[in-house]
Amino acid sequence: MVERTLELIVESLENGETVKLSGFGVFQVREKRARMGRNPKTGEPAAINPRRVISFRASQIMKSRVHGAGV
């Protein structure tokens with residue numbers, strides 16, 4: 001059941017949909033534009049291609065539980 005739930009979440013993210021898990025958080029796909037960066041070893045400029053990334057924002061319930069756990 002857990003594997004199927006994760007499959008559904010991944011399928012939704014692949015389609016660019018936002019996935020909200022009540023009491024847990026929100027997964028979103030963001031489009032990052034092309035930009036110039038630097039190679040950390042050589043310092044040479046390097047082009048970074050546009051890409052899609054997944055971001056996660058924890059719910060207030062999750063944040064308060066983690067904060068209250070004394071971690």
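Trainee: How many aromatic pairs does a search of the whole structure find?

Mentor: The search finds two. Keep in mind as we talk that this is a predicted model.

Trainee: What makes the rings of Phe24 and Phe56 a pair, and why is the pair called tilted?

Mentor: Rings pair if their centres lie within 6.5 Å, and the centres of these two are 5.4 Å apart. For the second part, look at the planes: under 30 degrees counts as stacked and over 60 as edge-to-face, with the rest called tilted. The planes of Phe24 and Phe56 stand at 50 degrees, so this pair is tilted.

Trainee: Where in the chain do these two residues sit?

Mentor: Phe24 is in the loop between S1 and S2, while Phe56 belongs to strand S5.

Trainee: Are Phe24 and Phe56 buried, exposed or partly exposed?

Mentor: Set each value against the cut-offs: buried is under 20%, exposed is over 50%, and partly exposed is in between. Phe24 has a relative accessible area of 35%, so it is partly exposed. Phe56, at 39%, is also partly exposed.

Trainee: What about the rings of Phe27 and Phe56: why is that pair called tilted?

Mentor: Here the planes are at 45 degrees, which lies between the 30 and 60 degree limits, so the word is tilted again. The ring centres are 4.8 Å apart. Phe27 lies in strand S2 and Phe56 in strand S5, so this pair ties together parts that are 29 residues apart in sequence. Taken together, Phe24, Phe27 and Phe56 form one aromatic cluster.

Trainee: Which strands make up the open sheet, and in what order?

Mentor: There are three strands in the order S1-S2-S5, with antiparallel pairing. S1 (19–21) and S5 are the edge strands.

Trainee: What makes S1 and S5 edge strands?

Mentor: Each of them pairs on one side only. From one strand to the next, the twist averages 25 degrees.

Trainee: Why is Ser55 called buried?

Mentor: Buried means under 20%, and Ser55 has 17% relative accessibility, so it counts as buried. Ser55 is in strand S5. Leaving out residues up to four places away in sequence, Ser55 touches Val26, Phe27, Gln28 and Arg30.

Trainee: Is Ser59 buried or exposed?

Mentor: Ser59 is at 17% relative accessibility, so it counts as buried. Ser59 is found in the loop between strand S5 (51–58) and helix H2 (60–68). Apart from neighbours within four places in sequence, Ser59 is in contact with Gly23, Phe24 and Gly25.

Trainee: What makes Ser59 and Gly23 a polar contact?

Mentor: The limit for the two atoms is 3.5 Å. A polar atom of the Ser59 side chain lies 3.2 Å from the backbone oxygen of Gly23, so the distance is within that limit.

Terms used:
Residues numbered from 1 in each chain as written. Predicted model: local features only at pLDDT ≥ 70, side-chain atom pairs only at ≥ 80, totals over all residues. Heavy atoms only, no water. Helix = DSSP H or I, 4+ residues; strand = E, 2+ residues; numbered from the N terminus. Buried < 20%, exposed > 50% of the residue type's maximum accessible area, 1.4 Å probe, protein only. Polar contact = N/O pair within 3.5 Å; in protein donor to acceptor, adjacent residues only side chain to side chain. Contact = heavy atoms within 4.5 Å. Pairing = 2+ DSSP bridges. Axes fitted to C-alpha atoms, helices over the stretch in contact; angles between N-to-C directions. Phe/Tyr/Trp six-rings, centres within 6.5 Å; stacked < 30°, edge-to-face > 60°.
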